[in-house]
Each structure stands twice: as structure tokens, then as C-alpha cells.
Amino acid sequence: MTTIFRKSVLSVAGLAFAGGVFAGPIAAHANPVDAKPVAVAVQTGAPKPQGEQSHIDLNGEQTANVKAIIAATKKAGLPERAAVISIATSLQESKLENLGHLGDMNDHDSLGLFQQRPSSGWGTPEQITDPGYSTTAFLKGLKQVDGWQDMALTDAAQTVQVSAYPDAYAQWEQQATDLVNQHWNS
């Protein structure tokens, strides 16, 4: 094969590849015959919730803890996405209940909304069981995660929490998003 012919073939192949990369995803999903409008709730800049979603009904104490998490997030100057990640994390860790020591049922020395451990440097038992303090400590850890704003919720939460069940946070994203939407401006 001559050099000119080889360059021509490679150029055509490159154009075909580039065309496929840019038009492929659009063309692959375009079907004007079956196209129907779909209502989608979107939180700007947030990834779509992953997997099946869980939901619990909240009592007054749990709702107060949601509001405390949101207040601490605002005080830290962080966006709604940080509150969503925080609330989903607390839903997984404690069902938004400010848990004290649970005796034999306790996971090591885990306490509070986020099941933080004094022995791991999260703070004293009194601090960790203060919703404002524990949220601020969680957010401090979250801010140290590069790109947390664009990560899947479960990845951001797991990076901070280092849980034995790293994918469990994802199931609470929709409820956490709904709670933030409901209470952010109240």
C-alpha cells in the first residue's frame, strides 16, 4: 500500500469514527415514531439515583435532624447536593435517628446520625451526638473528596464513611433529594 493511499484510508476511517462518536449516541436513541414526552425530575448537576430506592416515614425527631443537617450544610456554605449526600448517608447509618451507644448491638463505638466513631477521630461522644457538629464533621470529610459534587452519591458517601456496605447509600438518594427540596427554603 502506498503512503498516500494509506493516509487516505486512515483519514476516511478517522472521519467515520468521529462521525460515529458524535452522531452515534444521538442517532442510536432517536426514534421519532415511538418518541413520547417523559416527565423527569432533575437536580441540576446531580447524577441520577442509582438502583432501587428505599423510603421511610419520618417522625418529628427525624425531621428535626433533617433540618439540622440542612442548616449545617448552609452554614458551611455548601450546595444542596452536599445536604442530599449527608441526609442519604444518615438515612443509611441511623435512619436519621441520633443514636447513642447501643450496647451489644453497637458497631464498635459508633454514635449519632452518621455512626461516627470517637476512636476514629470524629470527635467526643458528646460532639458526635450533636447533629450540627456531626454534620459539620461529615461535610469536612466530604469537602476533602475531589470531585464529590459530580460523583455518584454512594461513591461520595463511601469515601467519607468507609463502610462495610459501600453501595448501601444509593438506595436513599431519592428520599434525601425530596427532603432537601422540601426543607431547603423553609
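## Q53 and the segment from A170 to Q174

In this predicted model, the side chain of Q53 reaches the backbone oxygen of A170 at 3.0 Å. The Q53 side chain also reaches the backbone nitrogen of Q174, at 2.7 Å. Q53 itself lies in the loop between α1 (3–29) and α2, and with a relative accessibility of 31% it counts as partly exposed.

Which residues does Q53 contact, leaving aside its neighbours within four places in sequence? They are A170, Q171, W172, E173 and Q174. For one of these, Q171, the separation from Q53 is 118 residues in sequence, while the two C-alpha atoms are 4.3 Å apart in space.

## T154 in helix α6

T154 belongs to helix α6, which spans residues 153–161. Is T154 buried or exposed? Its relative accessible area is 4%, and because buried means under 20%, T154 is buried.

The side chain of T154 reaches the backbone oxygen of P166 at 2.6 Å. Residues up to four places away in sequence not counted, T154 touches Q50, P166, D167, A168, Y169 and A170.

## Helix α7 and its cover

Helix α7 covers residues 173–183, and its buried residues are E173, Q175, A176, T177, L179, V180 and H183. What covers these buried residues includes α2, α3 (80–94) and α6.

## How α2 meets α5

Helix α2 runs over residues 60–75 and helix α5 over residues 131–143. Their axes come within 9 Å and cross at roughly 50°. The crossing in which α2 passes α5 is right-handed.

On the α2 side, N65, A68, I69, A72 and T73 take part in the contact; on the α5 side, P131, G132, T135, T136 and L139 do. The residues of this contact divide into five nonpolar, five polar and no charged.

## The loop between α3 and α4

The loop between α3 and α4 (125–128) holds K95. L96 and L113 are found in this loop as well. Most residues other than glycine have a negative phi. K95, however, has a positive phi, near 55°, and the phi of L96 is also positive, near 65°. K95 counts as partly exposed at 31% relative accessibility, whereas L96 is buried with a relative accessible area of 0%.

L113 is buried too, with a relative accessible area of 0%. How far apart in space are L113 and L99, C-alpha to C-alpha? The distance is 6.4 Å, for a separation of 14 residues in sequence. Leaving aside neighbours within four places in sequence, L113 is in contact with N65, I69, S90, E93, S94, L96, E97, N98, P131 and S134. Among them, N65, I69 and P131 also take part in the contact of α2 with α5.

Notes: Residues are numbered from 1 along each chain as its sequence is written. This is a predicted model: local features need pLDDT of at least 70, side-chain atom pairs count only at pLDDT 80 or more; totals for chains, interfaces and linings use all residues. Side-chain values use heavy atoms; hydrogens and water are left out. Axes are lines fitted to C-alpha atoms, for helices over the stretch in contact, and angles run from 0 to 180 degrees between N-to-C directions. Helices (H or I, at least four residues) and strands (E, at least two) are DSSP runs, numbered from the N terminus. A crossing is left-handed if the near helix is turned anticlockwise from the far one by less than a right angle, and right-handed if clockwise. Contact means heavy atoms within 4.5 Å. Ala, Val, Leu, Ile, Met, Phe, Trp, Tyr, Cys and Pro count as nonpolar, Asp, Glu, Lys and Arg as charged, and the others, Gly among them, as polar. Buried means under 20% relative accessible area, exposed over 50%, partly exposed in between (1.4 Å probe, protein chains only). A polar contact is a pair of N or O atoms within 3.5 Å; within protein, one must be able to donate a hydrogen and the other to accept it, and residues adjacent in sequence count only if both atoms are side-chain atoms.
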